[in-house]
Amino acid sequence: MSSIDVSELKPGTKLLIDGQPYVVIERQFVKPGKGAAFTRTKMKNLLTGRNIENNIRSGEKLETADVEEKAMSFLYKEGEDFVFMDQTNYEQINVLKDAVADQWRWLKDNMICQIQFFNGKVIGIALPNFVEMRVTATEPGARGDTSGNVTKPATIETGAQLGVPLFVNEGDLIRIDTRSGEYCERVLGK
Amino acid sequence: MASDRSVNLRRRSDLNRRIRQFFEERDFVEIEAPILVPSPGLELHLDAFAVENRYLITSPEYQMKRLLGAGMQRIYSLGKVFRRGEAGRHHNPEFTMLEWYRANAGWEAIADDFEALMAAVGGPSGWQRLSVAEATRRFAGVRVEGDEDLETLRKKIDGAGRRLPSTGDWSDLFFTLFLDAVEPRIDRPTILYDWPRPLCALAREKPGDSRVVERFEAYAPSPDGVLELCNGFGELTDAAEQRRRLEADRDQRRKRGLPEYPIDEKFLAALAAMPPSGGVALGVDRLAMLLFGAREIREVLAFADDEL
């Protein structure tokens with residue numbers, strides 16, 4: 001097992017803490033005026049999806065986790081499982097719904113995802129940061145109101161719901177940030 | 001983005017003018033403190049830039065105190081200081097420090113100046129004053145008194161999923177608790193005073209309570225978390241005690257393989273003639289962040305270190 005100094009962490013670094021795999025989401029240099037440098041970290045437990053925050057003094061060593069990622073495309077749902085295909089050898093695997101968690105909301109046929117393996121077991125999937133989805137149902141918006149702060153509920157092609165600005169209509173294609181689960185913009189001309 | 005920066009630079013220019021006006025009205029003398037010095041100070045967590053046989057200052061305090069020893073009463077300096085390895089959302093390796101000192105005054109008079117300065121530049125108002133013991137009790141649920149030994153302190157702060165430093169000293173343990181559970185919970189402008197004895201820096205012991213020193217720090221909530229603005233002292237003027245602290249820092253530096261800086265003998269000699277004094281160092285870039293609602297220090301700088 002290799003280790004890494006806490007000051008060298010980057011978003012995406014995988015760590016093994018108390019036997020569980022974590023991924024670094026955010027890290028910030030902090031330093032009290034008269035104290036040592038610390039790294040403020042926000043990490044996600046790759047098994048439970050839960051976030052933890054820690055302030056760790058620089059110089060502390062953390063163990064890196066051996067998390068393997070493979071690019072696979074999503075084929076179809078089979079019962080409660082999600083079937084993916086390895087992009088290199090065309091082998092198919094079934095991913096349990098727990099590993100997909102709430103990311104089913106942004107998962108479309110043929111989408112290329114990173115499937116994460118830890119100790120040979122699928123523990124999660126990473127979607128592209130941005131996905132484009134067709135709006136299948138939403139109330140017509142009030143004409144003229146283009147303020148970005150007011151939103152209304154909309155259903156997209158996966159069946160998931162999210163808030164969109166009032167000017168978005170049924171049939172529109174919208175871009176969504178899968179990390180925050182929030183609407184980004186309307187994709188014009190499609 | 002570019003336009004925001006130029007607006008902020010104009011506001012900084014105005015802020016500097018207001019700061020100078022504030023001190024002029026109070027009969028302070030502006031000092032152009034030396035920037036190249038033979039000893040940058042030995043604090044363990046400050047790393048100085050070396051330039052030939054000199055160092056860039058990490059603070060002008062040694063020279064400012066020599067002036068107090070020479071009889072000056074009210075002095076301030078507004079200029080650049082330099083700290084290696086400090087870069088982040090709230091740090092830049094070169095930054096602007098405002099320091100001021102009053103002879104024959106305690107830390108409370110300096111804290112009063114600070115509050116008046118905040119009012120004069122349109123900064124936060126309604127400052128509360130809390131002792132560190134009270135703040136740790138209120139925000140973190142454990143009272144840190146200042147006389148704990150390492151083991152007692154470790155037990156006090158353990159728990160809540162905290163990652164304690166494996167080989168930490170008193171300061172590292174304390175700041176792990178402080179960063180986790182005190183600083184982020186400060187919900188209004190706050191002056192923390194009576195700092196634990198192991199974090200004495202250049203502050204004198206509080207008369208009648210050997211557990212704490214006369215040190216204060218000001219914190220204010222900002223759009224990017226709580227900002228530490230300044231650090232002030234009832235200044236240590238006991239030359240023998242100051243020498244002991246500097247020698248202890250020098251020994252620790254050797255032990256940890258940190259760069260060794262010489263002890264400034266002229267500073268020590270001046271302490272003998274220095275009256276009881278109060279002083280403070282305030283990060284002007286942080287103050288600008290707070291006043292302009294900036295989330296990162298680069299927003300208030302002409303160029304951050306990684307933009308050069």
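Domain bounds here come from an automatic or database domain assignment.

| Domain of chain A | Residues |
|---|---|
| domain 1 | 3–64 |
| domain 2 | 67–126 |
| domain 3 | 130–187 |

A quick word on the ground rules. This is a predicted model, where local features need pLDDT of at least 70, side-chain atom pairs count only at pLDDT 80 or more, and totals for chains, interfaces and linings use all residues. Residues are numbered from 1 along each chain as its sequence is written, while chains are lettered from A and ligands numbered from 1 in the order in which they are written.

**Chain A on its own**

Chain A has 1 helix and 16 strands; both are DSSP runs numbered from the N terminus, with helices (H or I) of at least four residues and strands (E) of at least two. Along its principal axes, the C-alpha trace of this chain spans about 55 × 50 × 25 Å. Of its 190 residues, 24% are buried. Buried means that 20 or more other C-beta atoms lie within 10 Å of a residue's own; 12 or fewer makes it exposed, anything in between partly exposed, and the C-beta atoms are placed from the backbone.

Back to the domains for a moment. The C-alpha centres of domain 2 and domain 3 of chain A lie 26 Å apart. Each of these two domains of chain A puts 5 residues into their contact, where contact means that the C-beta atoms of two residues, placed from the backbone, lie within 7 Å. On the domain 2 side you'll find 3 nonpolar, no polar and 2 charged residues. For these classes, Ala, Val, Leu, Ile, Met, Phe, Trp, Tyr, Cys and Pro count as nonpolar, Asp, Glu, Lys and Arg as charged, and the others, Gly among them, as polar.

**A sheet to trace**

Now look for an open sheet of 6 strands in chain A, in the order β1-β6-β2-β3-β4-β5 with antiparallel pairing. Strands pair if DSSP finds at least two bridges between them. In chain A, β1 (3–5) and β5 (51–57) stand at the edges with a single partner strand each, so one side of each has no neighbour in the sheet. On average, neighbouring strands of this sheet are turned by 50 degrees against each other, direction ignored.

Inside the sheet, β3 (residues 20–30) and β4 (residues 38–45) of chain A form an antiparallel pair over 8 bridges. One to find on screen: A:V24 has A:M43 in β4(A) as its bridge partner.

**Where chain B comes in**

In all, 17 residues of chain A are in contact with 24 residues of chain B. On the chain A side, the elements giving two or more residues are β3, β4 and β5 of chain A. The largest share, 5 residues, comes from β5(A).

Helix α6 (residues 170–182) of chain B lies across β3, β4 and β5 of chain A, at about 150 degrees to β5(A). Such angles run from 0 to 180 degrees between N-to-C directions, and the axes are lines fitted to C-alpha atoms, for helices over the stretch in contact.
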